[in-house]
Amino acid sequence: MSDLFAEIILPLPLHDTFTYRVPEQLRRQATPGKRAIVQFGRKKFYSGLIFSVHDAAPQGFEIKDIQSVLDDEPVIHPVNIRLWQWMAEYYLCPLGDVMKAALPSALKLESSSMVAALPGSGNTPSETELVKLVTAKSLSLAEIQKKMGSRFSFRELQQLINQKIICLEETVFEKYKPKTRPLLQLHPSMDSPEKWQQMLDSLTRAPKQQELMRHIAEKTALFSARKNFELPKKELLADTTFSEAILNQLIAKEILTVRQETVSRLDESLPLQTDLNLLNNDQQQALEKIGELFKQKQVVLMHGVTASGKTEIYIHLIDQVCRQGKQALYLVPEISLTPQIVNRLKRVFGNKVGVYHSRMNDAERAEVWNHVLSFGKSDDPACQIILGARSSVFLPFANLGLIIADEEHENSYKQFDPAPRYNARDMAVMLGYQHHAAVLLGSATPSFESYMNAKTGKYGLVELLKRYSQVALPNIRVADLQRAYKRKEMRSVLTPELFEEIEKALQNQEQVILFQNRRGYSPFVECMNCGWIPRCVNCDVSLTYHKQQRRLNCHYCGFSFRMPETCGQCGSPDIKTRGFGTEKIEDEIAPLFPEARIARMDLDSTRSRNAFDKIIHQLEARKIDILVGTQMVTKGLDFEHVSVVGILNADNLLNFPDFRAHERAFQLMLQVSGRAGRLNKQGTVVIQTSQPEHPVLRQVINHDYESLFRQLMEERKTFHYPPWYRLIKIAVKHRNPSQLEIAATELGNALKKTGLFLVLGPEYPLVARIQLWHIKEIWLKTSRDKNLAQVRQEIETAVKNTRQLPYLSGAVFNIDVDPM
């Protein structure tokens with residue numbers, strides 16, 4: 001029989017697959033999509049993914065054998081592997097990086113992974129030995145292999161992880177414990193009514209323990225036809241006065257035993273079930289048009305104003321797909337959106353809805369992964385509908401019928417670091433093509449790329465330009481900051497116009513949202529004597545002051561120190577905060593509205609897992625009067641009683657040095673405006689700015705997306721920017737600034753010689769040093785009709801040649817296709 005070989009993807013930043021021989025005993029098991037343990041290098045072992053199996057023997061080097069195959073069934077489908085390939089090619093990144101991003105950590109093993117014990121024991125002698133080894137202290141896989149020798153099995157290791165008897169280092173760092181509930185049983189020695197009665201009689205000096213034994217006998221119909229009982233501890237003690245200490249005494253006396261039962265970590269609670277809501281005429285027409293367009297186009301863009309009822313249309317489309325027995329993926333740009341939307345989906349679809357995002361621990365993500373993978377193999381409908389952030393495009397769908405990308409314009413869909421630097425909206429479109437699934441992009445302010453595709457006929461276009469219940473779009477007022485400062489009319493950070501609107505809203509028992517796209521108390525502090533500004537030691541940025549912690553923090557690397565009492569340069573105590581962030585706004589408006597209940601929504605206030613949900617529930621329950629927030633508050637949240645929205649400083653948005661600045665400013669301002677007056681009453685928006693005549697502000701006031709689109713598209717065509725041209729950014733990094741200069745110049749010159757690109761740079765970015773890495777950027781513009789394979793080859797060749805120069809071994813090159 002001829003030898004069989006497998007191409008393996010390893011979770012390393014390597015472009016190629018690696019060839020391994022399939023031993024005869026593993027031939028039946030080794031199929032594409034399964035994980036295999038392989039040796040890479042002299043001592044390292046990894047769980048790689050079998051990409052393909054063939055009989056073409058490679059020439060010229062020694063071939064190692066696969067050690068073992070971990071899975072009985074593939075962990076991904078062939079169509080998922082095709083998506084990985086496309087992603088690696090388009091985003092110019094190694095296939096190994098795609099694998100690392102796609103698979104949950106629970107599905108990745110390597111010899112340096114640490115293993116720790118959880119409650120439980122093995123079923124076989126070797127499993128028991130392995131558990132015993134890691135009970136005293138965590139060990140690496142390499143150490144376990146060395147101690148166990150030939151008795152070690154990767155397959156048994158994986159089984160113990162699946163049974164939650166051991167766990168990997170990643171979950172230990174998260175302080176992970178499996179979610180369990182204690183079940184009480186009779187101790188094996190209590191095998192007859194006589195022994196039970198004898199024990200009961202012996203407890204005359206412990207009347208509480210006697211009472212609990214009688215309660216158990218009554219609750220479980222003890223020694224009836226059932227041989228034994230299993231009763232949750234919580235259920236036993238519910239509505240009684242018995243304490244856990246009394247129960248523990250019965251366990252200590254071997255009357256009862258306790259067994260920990262692992263239960264699902266996923267939230268399986270369901271809200272009150274409801275039928276689909278009826279659509280109004282505009283929504284119904286939009287739904288029908290979307291259905292018609294899907295017969296001709298794979299992708300449809302729905303341009304619907306804020307509060308037009310897009311989510312209800314999504315729900316009707318999901319219902320149609322579920323009735324066909326297919327899966328649906330509902331993408332949202334921010335985790336903060338999931339609590340509201342998952343509640344709406346669960347009210348209609350119940351336990352068919354699953355959630356997938358990065359705030360879930362790794363074990364929860366693995367559980368959702370397995371539900372999606374096994375969909376259709378049983379009657380269990382769990383995870384037929386997935387609501388998720390960008391990483392959910394990697395889930396192993398087999399029968400995908402619909403993909404919805406809500407708020408498709410959001411740059412939160414873009415992965416910045418580490419590679420792959422993908423855009424989940426574009427991935428959703430490719431996912432739709434590969435699965436032959438319908439793709440619906442929705443937004444009140446579509447990205448210019450999507451809107452151009454719709455206008456040129458590549459995508460279908462549906463417009464929904466009226467709000468649900470015919471409520472008027474919010475009234476937008478512009479407040480002149482310069483004039484208010486000159487006349488000394490400012491109330492802290494509020495102009496008279498905004499102050500007056502907040503007062504009115506609070507008198508009417510309505511809610512207010514204040515938007516400032518900067519967290520912390522103030523962006524920097526300054527010595528008023530010598531001008532000293534504390535800066536980060538690792539990055540080229542000033543430190544942000546956080547009053548609650550009384551610390552100066554770097555938002556790039558995490559470096560921080562306590563707020564100094566005196567200047568670090570001249571010793572003066574006259575140190576003042578400059579500018580304002582969300583924390584300062586919260587602090588300063590409290591005395592202006594002493595009766596108001598004020599809360600803050602930003603990265604600092606929502607670090608804990610349930611913080612998002614808590615703030616949203618409090619706002620919905622009207623326990624918050626004024627919410628101060630960063631762009632988290634702009635993204636699709638639906639609050640019935642918000643009547644006033646204040647944008648505290650539009651100038652930061654309008655004057656940012658980026659070719660997309662005006663597009664983004666318009667989107668942000670219109671989106672945050674859309675939080676006002678969503679149900680029964682027209683809302684009010686006050687935009688504070690020093691440039692009240694700015695043309696983008698006029699377009700925001702008039703809700704004139706078309707005018708903005710036409711104007712900026714002409715500019716972008718003239719200056720060769722997307723969507724007319726493809727943009728690629730290469731960030732060159734080095735610890736040594738002079739070596740960086742050489743590396744960036746060499747690469748820039750090599751790319752210019754190809755003649756394929758218009759090359760900008762190399763040049764320093766706004767922040768030219770992050771975490772001690774000095775950075776220069778090269779921006780490439782290339783026509784969209786250029787062959788992408790040729791573009792990829794030229795860039796990879798230029799980077800490879802630059803990296804191989806003898807004095808540039810420490811250089812790092814990060815390639816970002818379609819940067820945001």
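Contact here means heavy atoms within 4.5 Å. This is a predicted model, so a word on the ground rules: local features need pLDDT of at least 70, side-chain atom pairs count only at pLDDT 80 or more, and totals for chains, interfaces and linings use all residues. Residues are numbered from 1 along each chain as its sequence is written, and side-chain values use heavy atoms, with hydrogens and water left out.

View 1. Strands (E, at least two residues) and helices (H or I, at least four) are DSSP runs, numbered from the N terminus. Is Thr684 buried or exposed? Thr684 counts as buried, at 14% relative accessibility; buried means under 20% relative accessible area, exposed over 50%, and partly exposed in between (1.4 Å probe, protein chains only). Leaving aside residues up to four places away in sequence, Thr684 touches Asn475, Arg477, Glu501, Ser643, Val644, Val645 and Ala676.

**View 2. The six-stranded sheet that holds β29.** Here six strands make an open sheet in the order β19-β29-β28-β20-β27-β26, with parallel pairing. Two strands pair if DSSP finds at least two bridges between them. The edges belong to β19 (475-480) and β26 (598-601); each has a single partner strand, so one side of each is left without a neighbour in the sheet. On average, neighbouring strands of this sheet are turned by 20 degrees against each other, direction ignored. Angles run from 0 to 180 degrees between N-to-C directions, and axes are lines fitted to C-alpha atoms, for helices over the stretch in contact. Look for β20 (residues 511-515) and β28 (residues 642-647), which run parallel and are joined by five bridges. Leu514 stands opposite Gly646 in β28. Helix α20 (residues 611-620) packs on the sheet and touches β20, β26 and β27 (626-629), with its direction at about 140 degrees to that of β26.

**View 3. The seven-stranded sheet around β16.** This open sheet has seven strands in the order β14-β15-β13-β16-β17-β12-β18, with parallel pairing. At the edges stand β14 (353-356) and β18 (460-464), each with a single partner strand, so one side of each has no neighbour in the sheet. From one strand to the next, the twist averages 20 degrees. How many residues of strand β16 (residues 400-406) are buried? Seven of the seven are, so β16 is largely enclosed by the rest of the structure. Strand β13 (residues 327-331) pairs with β16 in the parallel sense over five bridges; Tyr330 stands opposite Ile404, and Gln327 has Leu400 as its bridge partner. Strand β17 (residues 438-443) also pairs with β16 in the parallel sense over five bridges, with Ile403 opposite Val439. Helix α11 (residues 281-294) lies across β12 (299-304), β16, β17 and β18, and runs at about 180 degrees to β18.

**View 4. Helices α3 and α5 crossing.** The axes of α3 (residues 125-136) and α5 (residues 154-162) come within 10 Å and cross at roughly 65 degrees. The two helices are therefore roughly perpendicular to each other (angles under 35 degrees count as roughly parallel, over 145 as roughly antiparallel, 65 to 115 as roughly perpendicular and the rest as oblique). α3 passes α5 in a right-handed crossing: a crossing is right-handed if the near helix is turned clockwise from the far one by less than a right angle, and left-handed if anticlockwise. Ser126, Glu127, Leu130 and Val131 in α3 meet Glu156, Leu157, Gln159 and Leu160 in α5. Those contact residues divide into four nonpolar, two polar and two charged. Ala, Val, Leu, Ile, Met, Phe, Trp, Tyr, Cys and Pro count as nonpolar, Asp, Glu, Lys and Arg as charged, and the others, Gly among them, as polar.

**View 5. Helices α22 and α24 packing.** With axes 10 Å apart, α22 (residues 661-673) and α24 (residues 705-718) pack at an angle of about 165 degrees. They are therefore roughly antiparallel to each other, and their crossing is left-handed. His662, Glu663 and Phe666 of α22 make the contact with Tyr705, Leu708, Leu712 and Arg716 of α24.

View 6. A cis peptide bond joins Asp417 and Pro418, with omega about -5 degrees; Pro418 lies in the loop between β16 and α15 (424-435). Leu92 is not a glycine, yet has a positive phi of about 50 degrees, and Leu92 is buried, with a relative accessible area of 9%.
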